[in-house]
Amino acid sequence: MGMTKQTNIGAYGLIENNGKVLLTIHKNGPYKGLLDLPGGNFLHGETARECVTREMEKESELNINELKLFDVLTDRISWNNNNILEDLHQICILFNIIADIKNLKDSNLKWFDLKNINYNDLTPIAIKALDNYKIVSPV
């Protein structure tokens, strides 16, 4: 049996506040249990800004003050998805978000100290995003 190919395109937010970054724990997929940036896949017809705003509002109560395109990242992984070998190509449109967050609705969403994050606990996209962020905005 051959390998299936899957492409996921999503918009994600990098929210940093006082040296801490907001991350979510993957619930399923090849990165189950790893920390990632909050966000998700596009709905049909959505712009990147609409997608990341919808996902942020779904996961937390916030007022977005600033939404800036930060980076576009990609990753590929081969994994066994319910006995089907899958080649997953992820395309991540990343926004730097400045927001007032009132409440985290999603229990998988938590603040992590940028200086103490264990990179073994992060998805490849989160590693690339945080490395690029630290270059632009040294913490």
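This is a predicted model: local features need pLDDT of at least 70, side-chain atom pairs count only at pLDDT 80 or more; totals for chains, interfaces and linings use all residues.
Residues are numbered from 1 along each chain as its sequence is written, and side-chain values use heavy atoms, with hydrogens and water left out.

The largest pocket has a volume of about 540 Å³. A pocket is an open set of points on a 1 Å grid over the protein atoms alone, with protein on both sides within 12 Å along at least five of seven lines; grid points are joined across faces, edges and corners, and a volume is the space filled by probe spheres set on the points. The lining of this pocket comprises 23 residues, and Tyr12, His26, Asn28, Gly39 and Gly40 lie nearest its centre; lining residues have an atom within 4 Å of a point. Two or more lining residues come from each of strand S1 (4-14), strand S3 (20-25), strand S5 (39-41), helix H1 (48-59) and strand S7 (84-104). Helices (H or I, at least four residues) and strands (E, at least two) are DSSP runs, numbered from the N terminus. By class, eight residues of the pocket lining are nonpolar, nine polar and six charged, where Ala, Val, Leu, Ile, Met, Phe, Trp, Tyr, Cys and Pro count as nonpolar, Asp, Glu, Lys and Arg as charged, and the others, Gly among them, as polar.

The structure also holds one cavity of 30 Å³ or more, a cavity being a set of points where a 1.4 Å probe fits but cannot get out. The largest cavity contains about 80 Å³ of space. Its lining includes Asn8, Tyr12, Tyr31, Asp36 and Cys92. S1 and S7 each give two or more residues to this lining, and S1 gives the most, with four. Six residues of the cavity lining are nonpolar, four polar and one charged.

Asp36, one of the residues lining the cavity, lies in strand S4 (residues 35-36). Asp36 is buried yet has no salt bridge, and Lys128, the nearest side chain of opposite charge, is 11 Å away. Buried means under 20% relative accessible area (1.4 Å probe, protein chains only), and a salt bridge is a side-chain nitrogen of Lys or Arg within 4 Å of a carboxyl oxygen of Asp or Glu. Lys and Arg count as positive and Asp and Glu as negative; His and the chain ends are not counted. The side chain of Asp36 makes a polar contact with that of His26 (2.9 Å). A polar contact is a pair of N or O atoms within 3.5 Å; within protein, one must be able to donate a hydrogen and the other to accept it, and residues adjacent in sequence count only if both atoms are side-chain atoms. Asp75, in strand S6 (residues 60-81), is likewise buried without a salt bridge, with Lys128 as the nearest side chain of opposite charge at 4.1 Å. The side chain of Asp75 makes a polar contact with the side chain of Tyr31 (2.4 Å).

Key:
Buried means under 20% relative accessible area, exposed over 50%, partly exposed in between (1.4 Å probe, protein chains only).
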